[in-house]
Amino acid sequence: MADPSALSPLAGRSPSSRADGAAGALPPGVGQGGVVMAERALVGKLVLRGDADDAGFRDAVRGALGFDLPLAANTASGAESTTALWLGPNEWLVATAPGAETAAAVSLKVALSGRHASVTDVSDSRTVIRLSGANARDVLAKGCPIDLHPRVFGPGRVAQSLVARAGVILHQVDESPTFDLYVVASFAGYLWDWLVDAAAEFGVAAGR
Amino acid sequence: MLLIDCPWCGPRDENEFQYGGEAHIARPKDPALLSDAQWADYLFMRGNPKGRHRERWMHRSGCRRWFNVERDTVSHAITAVYRMGEAPPATAKPAATGDATSAEPRSSGDPGQWPAGGAE
């Protein structure tokens, strides 16, 4: 469970403060394209499992979350405040605003009581790196085997794959493009540094 | 490098997957009735055909689901992908390659069909 006073895995990191101490001053060109990186710290995360073929299960989840679960493979639904990501035919990740995961878990558990379903708080398992900017796609393409061309991969798409050999859940949030990378906490520092290095040629800036 | 068509996620790079060995090896219904040789045959002996081979894969870095693939062990061509519990596609029957040394894939779940000591 995310405690507001807890340090997130990437607390204190910015594109200009590299873990290896290398000179990481922001290259020129920021603001004219390039890449923007930020950690969405302490986002709440719940793993929801249940039978997608059971209309009662889907209705109960809709009642608790306020939107339908994504049933198509590798898609997302919901809004920025609460998002559901498809992880498997009977498995979803529900991402909530920091601190909202407990209330979301309770409302899901109440709605699903008596059903063959489970809700597990996994908020601290991963953190979220938000990568945006005109060249965000080019940076990901350096280390991800997924075809990220807009023809194939667009807003609302999700993929579980590898980026620089680290397992991530990749979610394209909007067309700008903006990507959320859900990465296991122990890999977060490594992936952050890899992304900064990969993005340097395009110019990389700290996001909000 | 293989491009494997996950039944849920679509075509993905081979290094997202984990190999799970030959498919359709049914566990004997009553292991207590088997001799040690028959049990060892079930546990360890596999067809190893030269040609089409039905095998299990798991999308480890993706949706983490197991599924079946039919792959040619010579050309690596993948001729079918189907989910766990589904029957293999009839059109994709493993074929003898015409090579006298290549054994037909064993009909699994029938332990003890090989003579002790192994014919291969």
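Seven residue pairs are in polar contact between chain B and chain A, with both partners at pLDDT 80 or more. On the side of chain B that touches chain A, the residues divide into five charged, three polar and three nonpolar. These results refer to a predicted model.

The extent of the interface can be described by residues and by area. Eleven residues of chain B are in contact with 15 residues of chain A. The area buried between the two chains is about 970 Å², and carbon and sulfur atoms give 47% of this area. Within chain B, the residues that lose the most area to chain A are W8(B), R12(B) and R65(B); together these three residues account for 45% of what the chain B side buries.

Charged side chains also meet across the interface. Two salt bridges are counted between chain B and chain A. In a salt bridge between R64(B) and E91(A), the side chains meet at 2.8 Å, taken from N to O.

Attention now turns to the fold of chain B. Four strands of chain B form an open sheet, arranged in the order β3-β4-β5-β6, and their pairing is antiparallel. From one strand to the next, the twist averages 30°.

Strand β3(B) is joined by three bridges to strand β4 of chain B, which comprises residues 52-58, and the two strands run antiparallel. Within this pairing, Q18(B) stands opposite M58(B) of β4(B).

Two features of the backbone are found in loops of chain A. The peptide bond from S176(A) to P177(A) is cis, with an omega angle near -5°. P177(A) is located in the loop between β9 (166-174) and β10 (178-184) of chain A. The other feature concerns N74(A), which has a positive phi of about 60° although this residue is not a glycine. N74(A) lies in the loop that runs between α1 (55-65) and β3 (76-78) of chain A.

Conventions
Residues numbered from 1 in each chain as written. Chains lettered and ligands numbered in written order. Predicted model: local features only at pLDDT ≥ 70, side-chain atom pairs only at ≥ 80, totals over all residues. Heavy atoms only, no water. Contact = heavy atoms within 4.5 Å. Buried area = accessible area lost by both parts, 1.4 Å probe. Salt bridge = Lys/Arg side-chain N within 4 Å of Asp/Glu carboxyl O. Polar contact = N/O pair within 3.5 Å; in protein donor to acceptor, adjacent residues only side chain to side chain. Nonpolar A, V, L, I, M, F, W, Y, C, P; charged D, E, K, R; others polar. Pairing = 2+ DSSP bridges. Axes fitted to C-alpha atoms, helices over the stretch in contact; angles between N-to-C directions.
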